Amino acid sequence: MALAFFFALLAQRVSFVGDELDAETLERMRQREVFLQEQMTQQWLYIENLEKSRMGIRALLFSPLSYWKIWNVILFLVLLFCFTRKIYKKFQDIRSSTDEESSVSKMEQQEPEQQQEEEEDLLFADLIWPVRTHQTNCREVHLLFSSLIDICQNILVDTFYPVPECPIGVGSVYEGWYPAENIPVFCLLVPLMAPHGHVFRLDLGTTGQLPARNSRIRVHLECTCGREQQMGMRCFLHSSKKQLRNQHPSLLKELCTDSYLDVEKTARWFQALIKDAWDRMRFPEECELNVEESGRSCRLSVTDFYKQVFLVNILFGVQQDNTDIFLSSQEIEAGKIPSTTWPQSCAVAEVKFFQHVAARAEESNFYVRYMQVCAYILAGLNFSTCELKTMLMQLLTAIPLESWQGKYFLQRMDDILHYLRCCVEVNRLNHFFIGNEDVPAEIILPQEFQVSKPLNLFEYLVNSPVRQKQALEEVDELQDRLASLLIYGK
Ligand SMILES: [Zn+2]
């Protein structure tokens, strides 16, 4: 820049004095120009060489730097391997010395060997990520709310409000993998049944979209004539207003909007109902139930006798036929959705899937570790835990369960991230419960889920190279975060 400015000034000056100069002066100036041009060429060569040398230094510096994490991982694994071998040998020494002293039978020797092997398998993964779950608290919260729901049923016996049934634990805490650094929120789905004289008809919309997002629950009255005594009610359809005067109003007049069950009215009703049930249980004064304002669910905080606080979120759902799919009050996206919309939810089917895996695996809750690590390294990125959970469910059905044990932890984590990369590259991740023949038979799905084409959860990446590029960068980031977790433990 400085040189260019100097030449500009010089050119200006030459044009200014032009014709008045003599031949000698012109010759001097020509020589000066040649000299300056040489100087400039040298400057450019110098700059170019400097750039090249900088590039060289950068290349020299950064080529090992880009691999430092990989080298660290390898170093860490070697150390870890040595460490586990050392422990293994120590166990063997202890065992052999015990063997010399005692005269145990061969059969008895084999059992500890097998146990030792299992301990070693667990130890490896436990060093990296010890499993932390809230199983006991999950059971207690479920038990408490099952009792409260029993009381709710008694309160509602002569009314025509929906009948709440035994809650189902759903979501990350009940699946065991909630992000370790978050405060656990115990999520319960309370199935609602139609009261006497009413029928719920599920309206899944006309778009054919799966899972249905604009589904609604239409409330119909049914004739109960001839069953008055048995049902303890008068027929809403064929009784006069005078005859219905002493009977509670129908559900249509209480919690519906345009004949459809209203989520927000239902949530408000249930918030008052559960408080009423709590008061009837007569807990000690130290125990408290606080109901928070929430539009589509019932958010509660329960303080126990030891002043420990539990956050509980109650969702409502109406079961679709006898399947594991519910139309639920769960919010599916940010922003306001109509109060009569009950989106189709796979939350119960997901819990059932993980129960199915746990029942078949030797190490019952091993999958928890994978999901917890995924949720941990995923924090702040655009991939959703739902997407990673989908991948994990697919891999759990594709790879034999014994290959997920502790000693295979790194291989399986590598599989998960490699699979994610492949899915992003081809812009396709199939929904686990829609159009998938590999869903375990215990999970009961509606017919339309079974016969539908697979649903692509990565549809938003198709025709969007920018988002796909971002997603691939996030996969790199996930790999870096996993490496950091392995090396530094965080
Ligand atoms: Zn009737």
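1. A crossing of two helices is called right-handed if the near helix is turned clockwise from the far one by less than a right angle. In this predicted model, the crossing of α12 and α13 is right-handed. The residues of α12 that make the contact are Leu 388, Met 391, Leu 392, Gln 394 and Leu 395, and those of α13 are Asp 415, Ile 416, Tyr 419 and Leu 420. Sorted by class, this contact has seven nonpolar residues, one polar residue and one charged residue.

2. The geometry of the α12 and α13 pair may be stated as follows. Their axes lie 10 Å apart, and the packing angle is about 115°, with α13 spanning residues 409-425. That angle makes α12 roughly perpendicular to α13.

3. As to the chain as a whole, the protein has 15 helices and 12 strands. Of its 490 residues, 39% are buried. Among contacts with a separation of 6 or more, 66% are between residues 24 or more positions apart.

4. Helix α12 deserves a point of its own. From its first C-alpha to its last, α12 reaches 20 Å over 14 residues, close to the 20 Å expected at 1.5 Å a residue. Because 10 of the 14 residues of α12 are buried, the helix is largely enclosed by the rest of the structure. The buried residues are Glu 387, Leu 388, Lys 389, Thr 390, Met 391, Leu 392, Met 393, Gln 394, Leu 395 and Leu 396. They pack against α6, α10, α11 and α13.

5. Helix α10 is one of these partners of α12.

6. On the α13 side the contact is made by Leu 410, Met 413, Leu 417, Leu 420, Arg 421, Val 424 and Glu 425, and on the α15 side by Gln 468, Ala 471, Leu 472, Val 475, Asp 476, Leu 478, Gln 479, Leu 482 and Leu 486. By class, the contact of α13 with α15 has 11 nonpolar, two polar and three charged residues. Leu 420 of α13 is listed here and also in the contact with α12.

7. Helix α15 packs with α11 as well, at an angle of about 115° and with the axes 9 Å apart. The two helices are therefore roughly perpendicular to each other, and their crossing is right-handed. Val 373, Tyr 376, Ile 377 and Leu 378 of α11 meet Leu 478, Arg 481, Leu 482 and Leu 485 of α15. This contact of α11 with α15 has seven nonpolar residues, no polar residues and one charged residue.

8. Trp 177 lies in the loop between α6 and β3 (185-193). Its relative accessibility is 5%, and because buried means under 20%, Trp 177 counts as buried. Beyond residues up to four places away in sequence, Trp 177 touches Ser 172, Val 368, Met 371, Gln 372, Ala 375, Thr 385 and Lys 389. Between Trp 177 and Val 373, 196 residues apart in sequence, the C-alpha to C-alpha distance is 8.5 Å.

9. Val 318 belongs to strand β10, residues 309-319. This residue is buried, with a relative accessible area of 4%. Its contacts, leaving aside neighbours within four places in sequence, are Leu 192, Phe 200, Leu 202, Ile 217, Ile 325, Phe 326 and Leu 327. The C-alpha atoms of Val 318 and Leu 189 are separated by 9.7 Å, the two residues being 129 residues apart along the chain.

10. Gln 271 is placed in helix α9, residues 263-281. With a relative accessible area of 11%, Gln 271 is buried. Apart from its neighbours within four places in sequence, Gln 271 is in contact with Val 291, Glu 292, Ser 294, Ser 297 and Cys 298.

Note on methods: Residues numbered from 1 in each chain as written. Predicted model: local features only at pLDDT ≥ 70, side-chain atom pairs only at ≥ 80, totals over all residues. Heavy atoms only, no water. Axes fitted to C-alpha atoms, helices over the stretch in contact; angles between N-to-C directions. Helix = DSSP H or I, 4+ residues; strand = E, 2+ residues; numbered from the N terminus. Parallel < 35°, antiparallel > 145°, perpendicular 65-115°, else oblique. Contact = heavy atoms within 4.5 Å. Nonpolar A, V, L, I, M, F, W, Y, C, P; charged D, E, K, R; others polar. Buried < 20%, exposed > 50% of the residue type's maximum accessible area, 1.4 Å probe, protein only. Expected span 1.5 Å × (residues − 1).
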